[in-house]
Amino acid sequence: MIEELQSLVNKEVQIATALETIQGTLVSVDGAALTLRTSVVFGYESGSYAIIQLRFISYIRLL
């Protein structure tokens with residue numbers, strides 16, 4: 001699964017967790033989390049980074 005996620009690095013994605021849906025550019029993926037450079041999303045300034053634990057992700061969608 002990590003290899004599949006790494007193929008999405010530098011692409012625009014939408015990530016959903018139980019609490020929120022975030023859209024932005026996937027920056028990096030490791031064994032436990034991914035880093036997303038966010039678009040304008042409530043709680044995140046434009047260009048901010050969100051680190052999301054893989055275990056909390058419901059889905060990832062390529063935009």
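**The core and its setting**

Modeller: Read from the N terminus, the elements of the protein chain follow the order α-β-β-β-β-β. This is a predicted model, and its protein chain holds one helix and five strands. Of the 63 residues in the protein chain, 35% are buried.

The largest nonpolar core has 13 residues, and those touching the most other members are Ile15, Leu26, Leu34, Leu36, Ile52 and Ile57. At least two residues of this core come from each of β1 (12-17), β2 (21-29), β3 (33-38) and β4 (49-53). Strand β2 gives the largest share, three residues.

Apart from neighbours within four places in sequence, Ile57 is in contact with Ile15, Ala16, Thr17, Leu34 and Ile52. Among these partners, Ile15, Leu34 and Ile52 are also in the group of core residues that touch the most other members.

Thr35 is a residue of strand β3. Its relative accessible area is 17%, so Thr35 counts as buried, the limit being under 20%. Beyond four places in sequence, Thr35 is in contact with Thr25, Leu26, Val27 and Ser28, and also with Tyr49, Ala50 and Ile51.

For the chain as a whole, 34% of the contacts with a separation of 6 or more are between residues 24 or more positions apart. The accessible surface of the protein chain is about 4100 Å², and carbon and sulfur atoms hold 52% of it.

Notes:
Residues numbered from 1 in each chain as written. Predicted model: local features only at pLDDT ≥ 70, side-chain atom pairs only at ≥ 80, totals over all residues. Heavy atoms only, no water. Helix = DSSP H or I, 4+ residues; strand = E, 2+ residues; numbered from the N terminus. Buried < 20%, exposed > 50% of the residue type's maximum accessible area, 1.4 Å probe, protein only. Contact = heavy atoms within 4.5 Å. Areas by Shrake-Rupley, 256 points an atom, 1.4 Å probe, with all protein chains shown as cover. Core = buried A, V, L, I, M, F, W, Y, C linked by side-chain atoms within 4.5 Å.
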